[in-house]
Amino acid sequence: MGNLVDYQVQGTVGVITLDNPPVNALAVNKGVPQGILDAIKQGEHDPHVKAFLLIGAGRNFCGGADISEFGKDYDPGKATLPDLLAYMDTVTKPIFAALSGPTMGGGLELAMACHYRCAAPGTQLALPEVKLGILPGAGGTQRLPRLIGVDRALEMMVGGDPIGGEQSKELGLVDELVNGELRQAALSWIRRRLQDGAGVRRVSTLSPALEQPAEAFFAGARERVARTWRGYPAPLAIVNCVEAAVGMPFAKGIAFERQQFLGLVRTPESASLRHLFFAERQAAKIPDLPAETPALEIRKAAVIGAGTMGGGITMCFANAGIPVTVIEMAQPALDKGLETIRGNYAATVSKGRLTQEKMDQRMALISSSTDFAAVKDADIVVEAVFEDMAVKKEVFATLDKTAKAGAILATNTSTLDVDEIARSTGRPQSVLGLHFFSPANVMRLLEVVRGAGTSHAVLATGMKLGKRLGKVPVCVGVCDGFVGNRMIHPYLKEAGFLLEEGALPQQVDAAIEAFGFAMGPFRMSDLAGLDVGWYIRRRQAATRPPQERYSKIADTICERGRFGQKTGAGYYRYEKGKRDALPDPDIEALIVQASRDAGIARRQISEREIVERLLYALVNEGARILEEGIAQRASDIDVIYAFGYGFPRYRGGPMFYADTVGLEHVVSAIAHFREGYRAEHWQPAPLLAKLAAEGGKFNG
Ligand code: NAD
């Protein structure tokens, strides 16, 4: 059985314990399914054994397959999960499962191949395979509809989200909820069931319940799924499998599921989603940070500035249960900020996504002041005042005097030099950047900016705090725009050049949105507001090299007072109270005039050219960022774009996407771009050129 599966006979029950920490994953090559199979075979031949109990050692039953084995070859001498489950369907002694903790994917499929299931408090059950671009490939799509009905099963597998024990009991996925020490509780449950005459009850022999005519139901499901999951093949394949569960005998359904599963594993979409799954976990690691670095205790927080970002950041702390004081220069700004926070919470309550009680609890964690002395007992202060170095320096100098010794001083700056800000204090080791994204209470990305002087403990705390706030923290170095915003600049510039050369905003946005981005560059700019960029460009004008290509379109739009959605007009026009971006003939005329002024003959630009020029602008800057060590690894850049910039997850992030199309192709496309109008800015980054020449990849 190996040491990852333990087998002991207790009374008349053969107890099989999965013991593969940390989550009892069903690692095939390590022999976990094989160990369970061997244990069952041993018990079948033992006349004392009347039933089996499957249980997990430690916190949970089983977290599922070992996904590091995906795409690798299995040892042909070892049973796979489907082999094990097929065998379990032939066993003539009842098999009981005791579930606890996260019971996910293959773990739940294993549980469903048992004949009865009980669950401890806190059990979470899910078939989340869809999130990795695949489907439950070990009978899940065939057994779940037979246990809980077709409708609910489809919902659970297409969404991939977990349900609790109580709900599982109501649905019939779990037969009993038990309390107390799990093994003992499960054994007495089994005794009772055996006394009641419970025998073998194979889920494969049940019929899937469906209250509507199958044809209409599946047509509706397909239509819904195609609309919600554009670009993702897995949800549709799940619908196909559930339809097979209804229309085919079990064995045929299983064969169909396997074929669909194998098809999905090979898709670039699944490879991309799996890449991001690992990338997100990898991003939490900082190689030169000693593992034993202690994180500081964060019991209280303070936020400076109650504007757009300050308000959102304050909510992040309150949402995580951390008391927070928000500080403004004057009472009216403070009142306005607090009112916005209250309004945001109230809107969530009215949508039914937060209870009034929870809202009250969160509001009670928020205090406010116009006096910087209020930061004195905060363990961390996050500054979110105007993006102006002089203002930031003054704030940090004040914090240096008022914050307690050892408190972390964080800045939410998007562009300014964190090291220069740190130098305005006498404690640069306590300073770092925490770059939240707007709206801060919603967006998951957090760039944790490591300054030259940031101590290990402060950096470790920043990363840990990010997780506690429900964010995906990624460590980045100091430069203008860090990773995400620095890359967006060449992307937006290129989008402007495309307008000058012949495209219109709606055409550029449509091309990028068809690629899968949540929003094209111009709709995104209108949403974010055009005035900030305009301000920055005017500041940079004096130092901009005169030979550099510069499109004036964005400036001309701003000169007309069009700052985007907030002014009802930007690259598009907006009707009052609506957010739909409507193409505007005035903008078209403005763009055509700009081409004329620049002496450019407008031409038809293909969707492919739009997508390639914008994406490779991101990739090329990403390569420079990697070279400079601003990002620790290519996959961190992918995480930043997937979580902060609406990059389609099923494409894996810009660097992974470049690897997928081939770096050689990217370099030759760049060479081709250089032949275009004033395209001397198209130079492949040295790292990109080098990797392409070697046949290498960003994500090694
Ligand atoms: P904002 O103008 O909405 O808010 C700034 C607030 O700071 C104002 O309420 C102002 O009264 C207050 N303030 C200014 N000086 C202060 C002082 N000395 N003491 C206390 N309060 C002071 O700006 P914002 O959009 O929230 O941006 C804040 C910071 O966050 C900037 O550094 C910005 O670059 C950064 N940021 C913004 C975004 C975004 O999308 N808006 C995203 C990421 C980061």
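## Around the ligand

Let's start at the ligand: one of its oxygen atoms sits 2.5 Å from an N or O atom in the side chain of Glu387. Keep in mind that this is a predicted model. On its own the ligand would expose 830 Å², and the protein buries 78% of that. An N or O atom in the backbone of Thr308 is 3.0 Å from a ligand oxygen, and for Val385 a backbone N or O atom is 3.3 Å from a ligand oxygen.

Who else is in the neighbourhood? There are 22 residues around the ligand, and Met309, Glu328, Glu387, Lys392 and Ser414 come nearest. Sorted by class, the shell has 11 nonpolar, eight polar and three charged residues. Helix 15 gives the largest share of the shell, three residues.

Now look for an open sheet of six strands: its order is 1-2-3-4-6-9, and the pairing is mixed. Strand 1 (5–10) and strand 9 (176–177) stand at the edges with a single partner strand each, so one side of each has no neighbour in the sheet.

Inside this sheet, strand 3 (residues 51–56) pairs with strand 4 (residues 95–99) in the parallel sense, over four bridges. If you want to find one of the pairs yourself, go to Phe52, whose bridge partner in strand 4 is Ile95.

## Helix 24

How far apart are the end C-alpha atoms of helix 24? They are 30 Å apart, which agrees with the 30 Å that its 21 residues (607–627) should span at 1.5 Å a residue. Of those 21 residues, 17 are buried, so helix 24 is largely enclosed by the rest of the structure. Just after helix 24 comes Gly629, with a positive phi of about 75 degrees.

One runs from Pro21 to Pro22, with omega near 5 degrees, and Pro22 lies in the loop between strand 2 (13–18) and helix 1 (32–44). Another joins Ser438 and Pro439, with omega about -10 degrees; Pro439 is in the loop between strand 15 and strand 16 (445–449).

Asn24 is also in the loop between strand 2 and helix 1. Its phi is positive, about 60 degrees, although Asn24 is not a glycine. Is Asn24 buried or exposed? With a relative accessible area of 2%, Asn24 is buried. Arg678, in the loop between helix 27 (663–673) and helix 28 (686–694), has a positive phi near 40 degrees. Arg678 counts as partly exposed, at 32% relative accessibility.

Conventions: Residues are numbered from 1 along each chain as its sequence is written. This is a predicted model: local features need pLDDT of at least 70, side-chain atom pairs count only at pLDDT 80 or more; totals for chains, interfaces and linings use all residues. Side-chain values use heavy atoms; hydrogens and water are left out. A residue is near a molecule or strand if one of its heavy atoms lies within 4 Å of it. A polar contact is a pair of N or O atoms within 3.5 Å; within protein, one must be able to donate a hydrogen and the other to accept it, and residues adjacent in sequence count only if both atoms are side-chain atoms. Accessible areas come from the Shrake-Rupley method with a 1.4 Å probe; for residues, only the protein chains shown count as cover. Helices (H or I, at least four residues) and strands (E, at least two) are DSSP runs, numbered from the N terminus. Ala, Val, Leu, Ile, Met, Phe, Trp, Tyr, Cys and Pro count as nonpolar, Asp, Glu, Lys and Arg as charged, and the others, Gly among them, as polar. The expected span of a helix is 1.5 Å times one less than its number of residues. Buried means under 20% relative accessible area, exposed over 50%, partly exposed in between (1.4 Å probe, protein chains only). Two strands pair if DSSP finds at least two bridges between them.
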